[in-house]
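Okay, thanks for coming, everyone. I'd like to walk you through a helix pair and then some salt bridges. Here's the structure on screen.

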Amino acid sequence: MNKAYTYSIPELKERYRNADKQIRLYEDKPTDLILFKLSESTWNIREVAEHLTAFGRLYLRQINKAITEQSPLPQAGGPFQPRWIYKKWAVFFEPPYKFKMKTFPLMEPKDEKEVNSTFDALHEFQNKIIDLLAQAEKSRWNLEKIKGRNPLFRILPMSLIEFLVLIEVHQRRHFWQIEQILKKIGE
């Protein structure tokens, strides 16, 4: 197995804990900075956080559906590896990204100014994933065998490891985007 694309449950839990810490750093910025837009066509930090929450919730619904439909869950414990197409997809999302891509309308941020609830929802999502991974570790789930449908490309089945890896790399992609915003405004 290629180590670069092999994941353990403890490693994934740590990645999501680190993501939650990173989110705390962003939410601790002044509100005017969080709401600042570099241009009318770009997202601000709050909008990026809202997009991550919408993306995460969409994927989490599919994860929960897959777990519910496949109970009792296969036993394994790991390490786990996504299939070829999802490895390529993860590489595509990996920051720094080469080009921007338009998001799906259901994951577009809303035009609002509420910062705290946006970050609260993103923390809640991280905690749900961490709790799910704790349950997977305790019950020794086989993250490669539990499968659901990709919520955006319904014809593509996804294993739990593929869901979790894509959500995590997608978050890092947008954390990099936030870092670019902060650099451009001198923060």
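Let me start with a convention: a crossing is called left-handed if the near helix is turned anticlockwise from the far one by less than a right angle, and right-handed if clockwise. What you're looking at is a predicted model, where local features need pLDDT of at least 70 and side-chain atom pairs count only at pLDDT 80 or more, while totals for chains, interfaces and linings use all residues. Residues are numbered from 1 along each chain as its sequence is written, and side-chain values use heavy atoms, with hydrogens and water left out.

So, the helix pair. Helices here are DSSP runs of H or I, at least four residues, numbered from the N terminus. Helix α3, residues 45-69, packs against helix α5, residues 116-139, at about 30°, and the axes are 9 Å apart. Because of that angle, α3 is roughly parallel to α5 (the label covers angles under 35 degrees). Axes are lines fitted to C-alpha atoms over the stretch in contact, and angles run from 0 to 180 degrees between N-to-C directions. The crossing of α3 and α5 is left-handed.

Who touches whom? Contact means heavy atoms within 4.5 Å. On the α3 side, the residues include Leu52, Leu60, Ile63 and Ile67, and on the α5 side they include Phe119, Leu122, Phe125 and Leu132. By class, the contact of α3 with α5 has 12 nonpolar, 4 polar and 4 charged residues; Gly counts as polar in this scheme.

Now, salt bridges: a side-chain nitrogen of Lys or Arg within 4 Å of a carboxyl oxygen of Asp or Glu. How many salt bridges does a search of the whole structure find? It finds 11.

Over in helix α1, residues 9-27, Glu14 and Arg17 sit 3 residues apart and bridge at 3.7 Å, N to O. Glu14 is partly exposed at 35%, and Arg17 is partly exposed at 35% as well. Also in α1, Glu27 and Arg24 are 3 residues apart, with their closest N and O atoms at 3.4 Å. Arg24 is partly exposed, at 40%.

That's my tour, thanks!

Key
Helices (H or I, at least four residues) and strands (E, at least two) are DSSP runs, numbered from the N terminus. Angles under 35 degrees count as roughly parallel, over 145 as roughly antiparallel, 65 to 115 as roughly perpendicular and the rest as oblique. Buried means under 20% relative accessible area, exposed over 50%, partly exposed in between (1.4 Å probe, protein chains only).
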